[in-house]
Amino acid sequence: MPLPHLDRPFDYLVPAELDAEARAGVRVKVRFAGQLVDGWLLDRVAESAHPRLAYLEKVVSPEPVLAPEVARLARAVADRYAGNLADVLRLAVPPRHARVEKEPRDAPAPAAPAGDDTGAAGVSAASADPASADPASGTSGGRPTAGAAPIPATIPSGMPSSSRSVADAASEPVATPAVDPRGWRDYPAGPAYLRALAEGRAPRAVWSALAGEDWAARYADAVAATVVGGRGAVVVVADARDLDRLDTALTATLGPGRHACLSAALGPARRYRAFLAARRGDVPVVIGTRAAMFAPVDRLGLVAIWDDGDDLHAEPRAPYPHARDVLLTRAQLAGAAALVGGFTRTAEAQLLVETGWAREVVADRAAVRARTPAIAPTGDDPQLARDPGAATARLPSLAWTTARDALRADAPVLVQVPRRGYLPAVSCADCRTPARCPHCAGPLALPSAAGTPACRWCGRVAAAYACPECGGRRLRASVTGARRTAEELGRAFPGVPVRTSGREEVLGTVPGGAGLVIATPGAEPLAEGGYGAVLLLDSWALLTRADLRAGEEALRRWLSAAALARPGPAGGRVVVVADGALAPVQALLRWDPAWFAARELAERRELGFPPATKMASVTGTAEAVAGLLAEARLPDSAEVLGPVPADEGRERMLVRVPRARAAALAEALHTAAGVRSARKAAEPVRLQVDPLSLF
């Protein structure tokens, strides 16, 4: 049940006519407090501690969709995040698609219609209406167990989700993939890591990729080594573009039909078909966006995640698990190998290295220097001496000449800007007061050069806007978006093709030849042969955000873009419009994300911030938050911080404990939420353990 005070298994009797179909993992329907609800059967036992039990009403499908390993994982994730098992299982098991279940096992999967992929990432789910049931209402079923072995549980299911089809190659001979460690030769520990995977061991690695690295091919090598060792793998990436790239690499390495892809960009039938292929053991490998973090795989030998710092890996639905932590929990429970990779390194990944849970896989400095483009800042003293205006210019002379030289050499140029749109923020041209909507106080934006300012929150047009401070009616740009940048650079470099790539439209591979590509972070297209120059503009927008991870996120975005440039010996150059003395800029200049991650973790340890400590946020109305914290039996070492304003009239309190007391904190908060749920508290409270944002 999705209510915290009912977050436990319940016993039911199995009638004789359902004995053959009622297996662990199947979907069932049962009576709970007089209502017919959906659930999963967790286990069959001979006896129960409760004398009066109701019968199972129906086995919805004989397909055992809930694997025992996934059920154990879901319970561990729910306990870690102070959540309910029901909520986790909604994320783990897609809704049933009866037609897909009835398809012959040996039939090839139908081709997907053109344009079915939408490019969305993550898992699609919606909250089901909880049954307003009380287990003490006199119903013979639904009696909780106490201290018994695992027993049948009823937990409502049936959520909208999506799927991707998998070619069934069971009737064809399967070739054993070859493990080629040459792609890992620039990393001294890389070949040994692949050998350990092929030998069936469980190595754990944090991998810092070199500039220009074909990370998808390296992940395919690791997956192939795992398959050679007779085990399966789960790989999670942030978005559909990375998924397509990994899909291509795995097909080339393993052959067609050897892996399944799970993503919310797929329809319900396709996702369920891929899920069943993995659950039935038809494929040994599952890749996908965060929808794949719970994918059932036989003999799991490897869990891997690429770019774990991307916020798309954080599930926005209760209990808000992060894909990295779910996969690492799977590795711990299943005794599987783990691979956390990226061009950058998060503080969480650095903690894995410093605690000895994982070993780092990095290149030596000679390989780093050979593969890294030449990187220069515009705000250091030598540049300011040559160009005093570089401190305030949006496109200093160094960036302009770097782009000009690359275009003259017939090489493409990538320009990364942090904001999309035209002018996403404007201010009064006379007094510089930020322009706000007179109705909702949201920021005003200009959609084009001749457009009318409109609110980004409520959408109202402010054609007659007048500054409330000075009465001025002229507006100036506060933040410049990608489309305005493309317009400005088109005038600066007449005759040069200018393309934009952003959330609305992500370009594919950029063909060779001169041209300017204006992209927002995460939407940078690949270029044939690499970019001749990469310009990183508006660094202040990333570095001055009120966020604990501002510097870490800025470095992650810069390294991802700089990795697309050609190596320095081949003429690749990167210009970052920022002060070279800043720590994230220093890490970029030296291509040393491990140094920055260690520095960041040390600072957070001194200040008591995650991941050095465990934090939970409690958000709701002031009365609801105070009531829950008063009910919670927090650990003695807990610190309660706040309150601070949240949104829509709510407030947020933070609870901090040492990492060793994380389980006690989650249990205390979940128990307190159960007390409020049993009392039918009207005001909801949102609990988040390890929230992505603290401010």
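Contact here means heavy atoms within 4.5 Å.

Okay, housekeeping. This is a predicted model, so local features need pLDDT of at least 70 and side-chain atom pairs count only at pLDDT 80 or more, while totals for chains, interfaces and linings use all residues. Residues are numbered from 1 along each chain as its sequence is written, and side-chain values use heavy atoms, with hydrogens and water left out.

First, the overview. The protein chain has 19 helices and 26 strands. Those are DSSP runs numbered from the N terminus, with helices being H or I of at least four residues and strands being E of at least two. Of its 695 residues, 53% count as buried; buried is under 20% relative accessible area, exposed is over 50%, and partly exposed is in between, using a 1.4 Å probe and protein chains only. And if you take contacts between residues at least 6 apart in sequence, 76% of them join residues at least 24 apart.

Six strands make an open sheet, ordered 13-22-21-14-20-19, with parallel pairing. Strand 13 (374-377) and strand 19 (498-501) sit at the edges with a single partner strand each, so one side of each has no neighbour in the sheet. From one strand to the next the twist averages 15 degrees. For pairing, DSSP has to find at least two bridges between two strands.

Strand 13 runs parallel to strand 22 (residues 573-576), and four bridges join them.

Moving inward, how many residues of strand 14 are buried? Five of the five, so strand 14 is largely enclosed by the rest of the structure. P412, L414 and Q416 point one way from the strand, V413 and V415 point the other way, and all are buried. Strand 14 pairs in the parallel sense with strand 20 (residues 515-519) over five bridges, and Q416 has A519 as its bridge partner there. With strand 21, strand 14 also pairs in the parallel sense, over four bridges, and V415 stands opposite L535.

So what packs on this sheet? Helix 15 (residues 550-562) lies across strand 14 (412-416), strand 21 (533-536) and strand 22, and runs at about 170 degrees to strand 14. Helix 16 (residues 583-590) packs on the sheet too, touching strand 13, strand 21 and strand 22, with its direction at about 155 degrees to that of strand 13. All these angles run from 0 to 180 degrees between N-to-C directions, and axes are lines fitted to C-alpha atoms, for helices over the stretch in contact.

Next, two helix pairs. Helix 1 (residues 68-80) and helix 8 (residues 323-334) have axes that come within 10 Å and cross at roughly 125 degrees. That makes the two helices oblique to each other; under 35 degrees would count as roughly parallel, over 145 as roughly antiparallel, 65 to 115 as roughly perpendicular, and the rest is oblique. The crossing of helix 1 with helix 8 is right-handed, meaning the near helix is turned clockwise from the far one by less than a right angle, with anticlockwise being left-handed. On the helix 1 side you have E69, R72, L73, A76, V77 and R80, meeting D325, V326, T329, R330 and L333 in helix 8. That contact divides into five nonpolar, one polar and five charged residues. The classes are: Ala, Val, Leu, Ile, Met, Phe, Trp, Tyr, Cys and Pro nonpolar; Asp, Glu, Lys and Arg charged; the others, Gly among them, polar.

The other pair is helix 18 (residues 622-631) with helix 19, where the axes come within 8 Å and cross at roughly 120 degrees. Helix 18 and helix 19 are oblique as well, and their crossing is right-handed. A624, L628, L629 and E631 in helix 18 meet L669, A672, A673, V675 and R676 in helix 19.

While we're in helix 19 (residues 662-678), take a look at H670. Is H670 buried or exposed? It's buried, with a relative accessible area of 17%. Leaving out residues up to four places away in sequence, H670 touches P4, D7, A82, G83 and N84.

Last one: R271, in helix 7 (residues 268-279). R271 counts as buried, at 2% relative accessibility. From C261, R271 is 10 residues away in sequence and 7.9 Å away in space, C-alpha to C-alpha.
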